[in-house]
Each structure stands twice: as C-alpha cells, then as structure tokens.
Amino acid sequence: MSRPGEGRPVVCLDLDRTVIYSAAALALDGPDELAPRLLCVEVYRAAPLSFMTERAAQVYGRLTGEAHVVPTTTRTRAQLGRVRLPGPPAPFAVAANGGHLLVDGVPDPGWAALVRRRLADVAPIAEVRTHLDQVAGPFVRTLRDADELFAYAVVDRDALPAGWVDDLAGWCAPRGWRVSLQGRKVYAVPVPLTKSAAAQEVRARCGGGTLFAAGDSLLDTDLLETADVAVRPAHGELADTGWRRPHLTVTTTRGVAAGEELLDILVGQVISTRFSVSGNLGAGA
Ligand SMILES: [Mg+2]
C-alpha cells in the first residue's frame with residue numbers, strides 16, 4: 001500500500017466519463033446561459049467529440065505541476081492519440097486497459113512481453129470474437145478488436161435485450177474474460193489485462209510515491225482498489241451499483257461538472273498528502 005514521501009505522487013486518470021466527456025455524457029442540466037465553457041479535447045472525423053470544462057483544463061494543468069499524471073484508459077493507442085489533453089504530452093500513459101504502457105508515446109516492449117505472457121493463461125481473443133459474432137443481434141452496430149487485446153461492441157442501448165450483457169459475462173467468466181457496459185459500448189476484456197497492473201508499474205518507475213486514481217466504470221475497479229487515494233464521479237457504472245470504499249471520494253456533481261470537481265479533489269488531496277508527509281517527517285526529525 002502507501003509509501004508516501006518516497007517519490008512524486010502518481011495520479012492515474014481514466015479518461016472517458018471521468019476527465020473527458022462526449023456531448024451525450026455532458027449532463028448539462030442547468031440553464032444554457034449558465035453552462036460552463038467547454039474545451040474540445042478530441043476531434044474525430046473532422047467533428048468535435050470529447051470535452052472538458054475550461055476550468056477543468058486549468059486544474060488538470062495544475063495537477064501536472066504537482067504529480068506524475070498518467071492517462072489510464074481502455075482506449076486503443078489510436079483512440080488515445082486523438083485526445084489532446086492540456087499541457088505537454090504525458091511522459092507515461094496506459095492504453096488498452098493496461099495492454100500498452102506508453103513511455104513518451106512509445107509502447108514499452110518489456111511491458112508488452114509481460115502482457116503477452118499473462119494473456120496466454122486465458123481464452124484467446126479469436127474465441128471471444130467468434131462467440132460475439134454468434135450472439136450479436138441487430139442491436140449490435142459494430143464489433144471491433146482493440147489492438148488485438150480485447151473486443152468491444154457498439155450497441156443500441158434501447159434495443160439491447162434484457163440479460164444479454166449478463167449472459168455474455170457468464171460465458172466469459174470461465175474463459176478468463178470479463179464484461180463492462182459503458183454508454184453504448186460493451187467491452188469484453190481478459191481478466192489479466194488491468195489498469196492496476198500498469199499503474200503499479202508506472203508508480204514503481206516513478207519512485208514509488210503515493211498512488212491517486214480516478215475512474216467511473218467496472219474496468220476502473222481494480223485501479224481504484226489499488227490506489228492509496230481514489231475518486232469517482234457520481235455517475236457511471238460504479239455509481240449505478242453504489243460502489244464505495246473507505247479511501248474513495250465520490251463527487252457531488254455528475255457529467256462534465258464531475259470531471260472538474262474530481263480534478264479539484266485530486267489537487268487538494270495531492271497537496272494535503274505532501275503536507276502531511278512533510279509534517280510527519282518534521283515530527284520524527
Ligand atoms: Mg471511463
């Protein structure tokens with residue numbers, strides 16, 4: 001667990017619906033004239049796709065001044081490459097749910113080899129894809145492999161049959177895979193492919209400082225569990241199940257406002273941890 005003071009803090013941030021938000025996920029429920037100004041941080045096919053509030057972008061910049069900030073996402077490398085977060089490129093980033101550890105934007109070959117060894121213990125992606133092809137109904141709009149590491153389906157949520165996701169999860173479990181439903185996407189991911197393993201690797205390489213994390217979905221559970229200090233928004237898969245832990249703070253706001261709030265919380269926690277560490281060291285000196 002925590003070894004505060006041994007290195008600069010590491011902050012692992014899930015991106016989608018945690019730090020950045022599509023138009024459908026903004027949840028701007030107040031009067032239009034009071035809506036926050038938004039910064040577009042992702043363009044896809046020449047159209048704006050993901051946003052954060054302008055103020056969240058400022059707070060993100062401040063956080064990068066206080067800690068190693070590590071984008072930690074289930075996005076593929078290409079999908080992550082489209083995201084233009086504030087400030088200079090992150091020295092470390094995690095893509096494909098831990099499948100890639102990017103160092104200055106380049107996949108770390110040692111990490112890739114470790115991931116390949118771990119994935120040899122579970123069903124191959126081809127078997128899962130075949131099953132998905134068989135059970136996909138007209139409610140499945142697209143089926144994709146992500147960097148040959150996991151699979152996901154883009155679905156029509158309104159037409160998704162009750163129990164379909166649970167049935168898929170039941171089929172996946174004995175094969176060493178798990179399922180997560182996020183917005184319009186159903187992910188099937190090998191159990192050994194975790195954000196937490198990659199986050200711990202980054203933390204070790206950064207000197208073993210306190211690990212902070214934020215995330216909103218089931219695929220973030222292990223990351224939030226392994227962190228010393230965790231935050232989640234009041235929306236998303238984890239909010240839907242009321243997931244809480246003693247070291248976890250939950251935002252009071254939802255949607256893009258929660259993205260801003262959780263960055264504020266993290267800056268405050270990073271700073272207070274630093275002061276409590278120096279205070280403890282002072283008391284012991
Ligand atoms: Mg997310």
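Across the protein, pLDDT averages 94, and 95% of the residues score at least 70.

A bit of housekeeping: this is a predicted model, where local features need pLDDT of at least 70 and side-chain atom pairs count only at pLDDT 80 or more, while totals for chains, interfaces and linings use all residues. Residues are numbered from 1 along each chain as its sequence is written, and side-chain values use heavy atoms, with hydrogens and water left out.

Now the metal. The magnesium ion has Asp14 (OD), Asp16 (O) and Asp216 (OD) as its protein donors, 2.1 to 2.2 Å away. Donors are N, O and S atoms within 2.8 Å of the metal (3.2 Å for Na, K and Ca); water is not among the atoms, so sites may look incomplete. Asp16 sits in the loop between strand E1 (10-13) and strand E2 (21-22), and Asp216 in the loop between strand E13 (211-214) and helix H7 (221-226), so the pair ties together parts that are 200 residues apart in sequence. Helices (H or I, at least four residues) and strands (E, at least two) are DSSP runs, numbered from the N terminus.

Thr18 is also in the loop between E1 and E2. Beyond its neighbours within four places in sequence, Thr18 is in contact with Ala214, Gly215, Asp216, Gly259 and Leu262. The table gives relative accessibility (buried is under 20%, exposed over 50%, partly exposed in between; 1.4 Å probe, protein chains only).

| Residue | Relative accessibility | Class |
|---|---|---|
| Asp16 | 27% | partly exposed |
| Thr18 | 0% | buried |
| Asp216 | 3% | buried |

Next, the open space. The largest pocket holds about 860 Å³. Of its 32 lining residues, Asp16, Leu49, Arg184, Lys185 and Tyr187 are the closest to its centre. On a 1 Å grid over the protein atoms alone, a pocket is an open set of points with protein on both sides within 12 Å along at least five of seven lines, a cavity is a set where a 1.4 Å probe fits but cannot get out, and lining residues have an atom within 4 Å of a point. Grid points are joined across faces, edges and corners, and a volume is the space filled by probe spheres set on the points.

Definitions and conventions. pLDDT is the predictor's confidence in each residue, from 0 to 100. Contact means heavy atoms within 4.5 Å.
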